Amino acid sequence: MFELTAEERSELTSLLSKLVRTPSLSCREGAVARLLADELTRVGVADVRVDRIGNVVARLGTGGRPMLLYNGHMDTVDVTDRAAWEYDPWQGVVDNGMLHGIGACDMKASLAAMVYGVKKILDSRVALDGELVLAFVVQEEPCEGLAMRVLAEEEEVRPDWVVLGEPTNLAVSRGQRGRVELRVTARGRSSHAAHPDSGENAIYAAMRLVFGIELLSGNLANDRFLGPGSLSITQIQSSAPSRNAVPDRCWFYVDRRLTLGESEERSLAEIQSVIMREGVSATVEITEYEEVSYTGYRARMRQVFPPWALPADHPLIRRTIKSLTKTLGRRPAITSWDFSTDGVYTMGQAQIPTIGFGPGRPEDAHSPNEHVRLTDVHLAAQAYAQLAVDLLNTAG
Ligand SMILES: [Zn+2]
C-alpha cells in the first residue's frame with residue numbers, strides 16, 4: 001500500500017545524491033542536518049527540530065504510547081585514499097542502478113528512505129496509534145550511542161522500540177558485539193642512553209605487556225550468536241627526554257571487542273592480570289571521548305559500548321518479520337552486525353528493544369567504492385512506512 005510512484009522514486013534518488021554531495025564528517029553535520037530538516041518539513045512533518053547536540057528530531061502521530069524511534073546517523077567517515085575510488089566519492093553519481101559515494105551505504109541511504117517512508121504515511125492519511133520519531137543523529141562514527149544518550153537522557157525522548165537503519169542488506173539485525181577502548185601505560189626511569197643500566201626502559205616493559213596481551217586473545221569468551229570477543233593493539237607511543245635517553249613512558253591502545261558475557265570490568269581485569277604476572281610498573285584505564293558538536297555542545301563519554309542481542313523470539317522481531325515479509329515479498333534473513341551501532345546505548349545500556357533494518361551491504365561501509373543499490377533504497381522506504389503502521393497500529 002505504500003508503493004512509491006515513479007516520481008517519488010526519482011525524488012528519493014536525487015535526495016540521496018544530494019545528501020552524498022553534502023559532506024558531513026563527525027562534528028560537522030550542520031549542512032546535512034539543515035537539508036534533512038527542510039526535506040522533512042517539505043514532505044509534511046509538522047514537528048521537526050534540532051536538539052542541543054545537533055540531532056534532527058521529527059515526530060508524528062498522536063504523541064501517545066507506544067513510541068517507535070527510527071534512528072540514522074548523519075555523519076560519515078572521511079575519504080582517505082581518493083585514488084582507490086572509481087567514482088568521485090563526493091558526487092553521488094548514479095550508474096547502472098547504483099548510487100556511489102561516501103555515506104551512500106553507511107547510512108545516507110536509510111536517512112533518505114526514512115524521509116520517504118514518512119512521506120508515504122502522511123500522504124496515505126493513516127492515523128498512527130502512538131508516536132513515530134525519526135532521530136537523525138550526530139557523531140555516531142567516533143562515539144556510537146552518545147547522541148542517543150543525549151536524546152534520551154537530556155531531551156527526554158524515550159522510545160519503546162528502536163529500529164536502526166544501519167546497513168543490513170534488507171535483513172533484520174538483532175545484535176552486535178560491543179567494545180571498550182583501553183590505554184595501557186608502562187612506566188620506567190630515564191637515564192642517558194650511554195648508560196642504559198642506570199635507567200629502566202619503559203618500551204621493554206611495554207613489550208612484555210604487548211606479548212602477554214596478544215596471548216590473551218585466544219582465550220576470550222565466545223557467544224553462539226555474536227561469536228568470540230577479540231582484541232587488537234592499535235597504536236603505540238613513547239616518551240623520552242631525547243633520542244639519546246632511555247624512555248620513561250610507553251603507552252598503547254587496545255581495541256577490545258566484547259561479546260555477550262564480557263564487560264568493561266572483565267576487560268580491565270584481564271589486562272591487570274598480565275601486568276601483575278609480568279611484574280612491570282603499568283596502569284590500564286578506559287579512554288574518554290570528548291568533542292564539541294556543530295551546535296557547540298561539549299560531550300564527554302567513557303569509551304564503553306556494551307554488546308547486545310535481542311532474543312530471537314522477541315515480539316518486536318516476530319512482528320517486524322511479519323511486516324517486512326509483506327513489503328519484500330519474502331521472509332527477511334536474521335543477522336547480526338560485526339560493526340558497532342547506536343544500539344550500544346538503546347539496547348546495550350537503556351534496554352530498549354532494538355533491531356536493525358536498512359538498505360546497503362554492511363561490507364560496503366567504510367570502504368572505497370561505497371555504493372548502494374537504488375531499488376533496495378526504494379524498497380526500504382516502503383518497508384519503513386509499512387513497519388511503522390504495523391508496529392503502532394496492530395495489537396501485539
Ligand atoms: Zn553506520
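The legends below describe close-up views of a predicted model.

Local features are reported where pLDDT is at least 70 and side-chain atom pairs where it is 80 or more, while totals for chains, interfaces and linings use all residues. Residue numbers start from 1 along each chain as its sequence is written.

**View 1. Division of the chain into two domains.** Domain 1 covers 6–176 + 307–393, and domain 2 covers 178–292; these bounds come from an automatic or database domain assignment. A distance of 36 Å separates the C-alpha centres of domain 1 and domain 2. The contact draws 11 residues from domain 1 and 11 residues from domain 2, two residues being in contact if their C-beta atoms, placed from the backbone, lie within 7 Å. On the side of domain 1 that touches domain 2, six residues are nonpolar, five are polar and none is charged. In this classification Ala, Val, Leu, Ile, Met, Phe, Trp, Tyr, Cys and Pro count as nonpolar, Asp, Glu, Lys and Arg as charged, and the others, Gly among them, as polar.

**View 2. Crossing of helices α3 and α9.** Helices (H or I, at least four residues) and strands (E, at least two) are DSSP runs, numbered from the N terminus. The axes of α3 (residues 104–124) and α9 (residues 374–393) come within 7 Å and cross at roughly 50°. This angle makes α3 oblique to α9. Axes are lines fitted to C-alpha atoms, for helices over the stretch in contact, and angles run from 0 to 180 degrees between N-to-C directions. Angles under 35 degrees count as roughly parallel, over 145 as roughly antiparallel, 65 to 115 as roughly perpendicular and the rest as oblique. The crossing of α3 past α9 is right-handed, meaning that the near helix is turned clockwise from the far one by less than a right angle. Residues of α3 in this contact include Ala109, Ala113 and Tyr116, and those of α9 include Val377, Tyr384 and Ala388. The contact of α3 with α9 comprises 13 nonpolar residues, three polar and one charged.

View 3. Three strands are arranged in the order β4-β5-β21, with antiparallel pairing. β4 (94–95) and β21 (371–373) are at the edges, each with a single partner strand, so one side of each has no neighbour in the sheet. Two bridges link β4 to β5 (residues 98–100) in the antiparallel sense, and Asp95 has Met98 in β5 as its bridge partner. Strands are taken to pair if DSSP finds at least two bridges between them. Helix α9 lies across β5 and β21, at about 65° to β21.

**View 4. Strand β9 and its partners.** Strands β9 (residues 178–187) and β13 (residues 249–258) run antiparallel and are joined by 10 bridges. Val180 is opposite Arg256 in β13, and Glu181 has Asp255 in β13 as its bridge partner. Val180 also stands opposite Val304 in β17. Five bridges pair β9 with β14 (residues 282–286) in the antiparallel sense, with Thr185 opposite Thr283 in β14. Strand β12 (residues 230–239) runs antiparallel to β13, joined by nine bridges.

**View 5. Crossing of helices α5 and α6.** The axes of α5 (residues 202–216) and α6 (residues 264–278) come within 10 Å and cross at roughly 135°. The two helices α5 and α6 are therefore oblique to each other. Helix α5 passes α6 in a right-handed crossing. Among the contact residues are Arg208 and Leu209 of α5 and Glu270 and Ile271 of α6. The contact of α5 with α6 has six nonpolar residues, one polar and four charged.
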